Amino acid sequence: MSIPSFVIGIAGGTGAGKTTVARTVADTVGEAVTRIPIDNYYEDLSHLAFEERTEVNYDHPDAFEWELLREQLNALLMGQPIEMPQYDFEAHNRTDERVTVEPTDVIVLEGIFSLYDEDILEMLDLCVYVMTDADVRILRRIERDVIDRGRGLEGVIDQYLETVKPMHEQFVEPTKKNADVIIPEGANRVAVDLLIEKIQAELAADGPERTDDPDSELSFSEPPRD
Ligand SMILES: Nc1ncnc2c1ncn2[C@@H]1O[C@H](COP(=O)(O)OP(=O)(O)O)[C@@H](O)[C@H]1O
Ligand SMILES: O=c1ccn([C@@H]2O[C@H](COP(=O)(O)O)[C@@H](O)[C@H]2O)c(=O)[nH]1
């Protein structure tokens, strides 16, 4: 088990390429990286019928359970495992399942509001905003929502115009000012390679032999963050 030493937030509009960037980083760097999708922290809406859940504004910050996200991120930073909720986009709801996530050296927090909450910003060492034009994002989203998230074309377009676009302009896009790095177009190879190099440099600076095994001569402990 590790005490995370480097925490990255990856924000950006829907379809910008956040998940693709985060997955590429995690797949390349390997098991030192844990990916935390903020989508897993949408409020539990089990008290609503499916039809009512389709009417919810999922692009407003109030749609998320911030307290749980702060608490679980904080626990990881203290070296404690969490029981991360899971989200089902087809059902518009959290599932009953929880997945145990052990802390690793690098945490990647990814989602439209990764750079929104002041307390979470305090926990991030590197803030990334993936910036992709709105027309490209909506085209990507139509394809993804229809193929992967069980949606109809008309519903995707209505939702985009009624909530996704206005909330993006009001709440998501302004968080770009919190970014240290802006990645154009999502899976931008040059930018993603630089991000991976930065992470590998941070890991190397922490020591290649790093371990928290108390029986190891190389073991060490770090004080929890403020
Ligand atoms: N640079 C890129 N060029 C082309 N397609 C991309 C690029 N980055 C991401 N995509 C594609 O766009 C879609 C949405 O990307 P995703 O990472 O899921 O976006 P987000 O997580 O920001 O909603 C996916 O099908 C992904 O393969
Ligand atoms: O039940 C739900 C929950 C969320 N959404 C939409 O998902 C996107 C955020 O995910 P990305 O991977 O960043 O696109 C957000 O824009 C919500 O509108 C949903 O449709 N239903």
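Start with glycine 207: just after α7, this glycine takes a positive phi of about 105°. A word on where this comes from: it is a predicted model, local features need pLDDT of at least 70, side-chain atom pairs count only at pLDDT 80 or more, and totals for chains, interfaces and linings use all residues. Residues are numbered from 1 along each chain as its sequence is written, while chains are lettered from A and ligands numbered from 1 in the order in which they are written. Helices here are DSSP runs of H or I with at least four residues, strands are E runs of at least two, and both are numbered from the N terminus.

Now α7 itself. Helix α7 covers residues 189–206, which is 18 residues. From first C-alpha to last, α7 reaches 26 Å, close to the 26 Å expected at 1.5 Å a residue. That expected span is 1.5 Å times one less than the number of residues.

What does α7 pack against? Helix α1, residues 18–29, at an angle of about 45°, with the axes 10 Å apart. Axes are lines fitted to C-alpha atoms, for helices over the stretch in contact, and angles run from 0 to 180 degrees between N-to-C directions. So α1 is oblique to α7. The scale: under 35 degrees is roughly parallel, over 145 roughly antiparallel, 65 to 115 roughly perpendicular, and the rest oblique.

Who touches whom? From α1, Val21, Thr24, Val25, Thr28 and Val29 meet Val192, Leu195, Ile196, Ile199 and Gln200 of α7. Contact means C-beta atoms, placed from the backbone, within 7 Å. By class, this contact has seven nonpolar, three polar and no charged residues. Nonpolar is Ala, Val, Leu, Ile, Met, Phe, Trp, Tyr, Cys and Pro; charged is Asp, Glu, Lys and Arg; the others, Gly among them, are polar.

Second pair. The axes of α5 and helix α6, residues 153–172, come within 10 Å and cross at roughly 135°. That makes α5 oblique to α6. In α5, Ile138, Arg141, Ile142, Asp145 and Val146 meet Leu153, Val156 and Tyr160 in α6.

On to the ligands. Ligand 1 has 14 residues around it, and Gly17, Lys18, Thr19, Thr20 and Gly186 come nearest. Near means a C-beta atom, placed from the backbone, within 6 Å. α1 gives the most to this shell, with three residues. The shell around ligand 1 has two nonpolar, eight polar and four charged residues.

Conventions:
Two residues are in contact if their C-beta atoms, placed from the backbone, lie within 7 Å.
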